[in-house]
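Have the sequence and the 3D view side by side while reading. The text below goes through a few places in turn.

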Amino acid sequence: MTSTQKQNVTISLDAPLVRKAKMLAAKRSTSTSGMLAEQVEALVSEDDGYERASASAIARLKRGLHLGGERMISRDEVHER
């Protein structure tokens, strides 16, 4: 199993927000640091998923869809005399 190296990040929050975050973390039996790390991981994962879905959709659009029917006549064929 590979271990990932963790790095500390410093953020500044208003004191009332810190107090509420600590209470929320205690209710969830975690630390404020753990709670914030979980939220950042979720945001990054969500963004990665969006990027994959976007790339997949663009690839499908470029391939196009066959909706049945016959080949369309070209402009030159229509105007042949």
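In this predicted model, Ser 45 counts as partly exposed because its relative accessibility is 48%, and partly exposed residues are those between the 20% limit for buried and the 50% limit for exposed. Ser 45 belongs to helix α2, which covers residues 32–63. From Ser 45 to Gly 34 the separation is 11 residues in sequence, and their C-alpha atoms are 16 Å apart in space.

The length of the helix can be checked as well. With 1.5 Å for a residue, the 32 residues of α2 should span 46 Å, and the distance between its end C-alpha atoms is 47 Å, so the two values agree. After α2 comes Gly 64, with a positive phi near 80°.

Glu 46 is also in helix α2. Its relative accessible area is 59%, so Glu 46 is exposed. On the surface, Glu 46 gathers with Asp 47, Asp 48 and Glu 51 in a patch of negative charge. An α-helix has 3.6 residues a turn, so residues three or four places apart point the same way.

The other place to look at is the loop between α1 (15–27) and α2, where Ser 29 lies. Most residues other than glycine have a negative phi. Ser 29 is not a glycine, yet its phi is positive, about 55°. Is Ser 29 buried or exposed? Ser 29 has a relative accessible area of 69%, and therefore counts as exposed.

Notes: Residues are numbered from 1 along each chain as its sequence is written. This is a predicted model: local features need pLDDT of at least 70, side-chain atom pairs count only at pLDDT 80 or more; totals for chains, interfaces and linings use all residues. Side-chain values use heavy atoms; hydrogens and water are left out. Helices (H or I, at least four residues) and strands (E, at least two) are DSSP runs, numbered from the N terminus. Buried means under 20% relative accessible area, exposed over 50%, partly exposed in between (1.4 Å probe, protein chains only). The expected span of a helix is 1.5 Å times one less than its number of residues. Patches are made of residues with over 30% relative accessible area and no salt bridge: like charges are joined within 9 Å, nonpolar side chains (Val, Leu, Ile, Met, Phe, Trp, Tyr) within 5 Å. Accessible areas come from the Shrake-Rupley method with a 1.4 Å probe; for residues, only the protein chains shown count as cover. A salt bridge is a side-chain nitrogen of Lys or Arg within 4 Å of a carboxyl oxygen of Asp or Glu. Lys and Arg count as positive and Asp and Glu as negative; His and the chain ends are not counted. The place of a charge is taken as NZ of Lys, CZ of Arg, CG of Asp or CD of Glu.
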